[in-house]
Amino acid sequence: MTDALRDLDDTDRQLIALLRDDARLPVATLARQLRVARGTVLNRLRKLEASGVIDGYTVRLKPGAETHRIRAWMGIAIEGNTSAAVLKALRGEPAVQTLHSTNGRWDFVAEIRADTLEAFDRALGRIRSINGIASTETSILLSTHKV
């Protein structure tokens, strides 16, 4: 654990929780909810950003608003010592939205996105043909319950 993460206090954690819920909250609203001065919130935000605890801000879209309507999780098992080559190939695959190394049954878990079932099928074929991939298991995401 880095020093910056270890040094977080309850106010920092509450601030981060509020931003995770809505990163567009005005500083005045954050200050009111945290029961601290507006300047305190600004200082803490600057500290969290400077230390790298807050790496950036992003936008979350509703699943229906995205162009890639078909989404799935794919567990990927690697043959032998080919992780680096497989990782490089997966990073170059346009259908792979996110890629996570894991422990347990799967070496990697990838989020796959495609516009149509046909495009999804082609992406699965490309991924499964990557040298070094021993096996995969894919689950299509039907609905999202918490964003």
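**Close-up views of the predicted model**

View 1. Once neighbours within four places in sequence are set aside, Leu 45 is in contact with Leu 15, Leu 19, Val 27, Ile 54 and Tyr 57. Leu 45 belongs to helix α4, which covers residues 38-50. With a relative accessible area of 11%, Leu 45 is buried, because the cut-off for that class is under 20%.

**View 2. Crossing of helices α2 and α3.** Helix α2 spans residues 10-21 and helix α3 spans residues 27-34. Their axes come within 11 Å and cross at roughly 130°. The arrangement of α2 relative to α3 is therefore oblique. The crossing of the two helices is right-handed.

**View 3. Arg 35 in the loop between α3 and α4.** Arg 35 is not a glycine, yet its phi is positive, at about 60°. Most residues other than glycine have a negative phi. The relative accessibility of Arg 35 is 78%, so the residue counts as exposed; the cut-off for exposed is over 50%.

**View 4. The open sheet of 4 strands.** The strand order is β2-β3-β1-β4, and the pairing is antiparallel. Strands β2 (96-101) and β4 (133-140) form the edges, each pairing on one side only. From one strand to the next, the twist averages 20°. Helix α5, made of residues 83-91, lies across β1 (70-78), β2, β3 and β4. The helix runs at about 20° to β3.

**View 5. The hairpin of β2 and β3.** Strand β3 covers residues 108-114 and pairs with β2 in the antiparallel sense over 5 bridges. Within this pairing, Thr 98 has Glu 111 of β3 as its bridge partner. The hairpin has 6 residues between the strands. Gly 104 in this hairpin takes a positive phi near 90°. In a regular strand, side chains alternate between the two faces of the sheet.

**View 6. The whole protein, for orientation of the close-ups.** The protein has 6 helices and 4 strands. Along the sequence these elements follow the pattern α-α-α-α-β-α-β-β-α-β. Of the 147 residues, 31% are buried. Among contacts with a separation of 6 or more, 65% join residues 24 or more positions apart. The accessible surface comes to about 10100 Å², and carbon and sulfur atoms account for 50% of that surface.

How values were computed:
Residues are numbered from 1 along each chain as its sequence is written. This is a predicted model: local features need pLDDT of at least 70, side-chain atom pairs count only at pLDDT 80 or more; totals for chains, interfaces and linings use all residues. Side-chain values use heavy atoms; hydrogens and water are left out. Buried means under 20% relative accessible area, exposed over 50%, partly exposed in between (1.4 Å probe, protein chains only). Contact means heavy atoms within 4.5 Å. Accessible areas come from the Shrake-Rupley method with a 1.4 Å probe; for residues, only the protein chains shown count as cover. Two strands pair if DSSP finds at least two bridges between them. Axes are lines fitted to C-alpha atoms, for helices over the stretch in contact, and angles run from 0 to 180 degrees between N-to-C directions. Angles under 35 degrees count as roughly parallel, over 145 as roughly antiparallel, 65 to 115 as roughly perpendicular and the rest as oblique. A crossing is left-handed if the near helix is turned anticlockwise from the far one by less than a right angle, and right-handed if clockwise.
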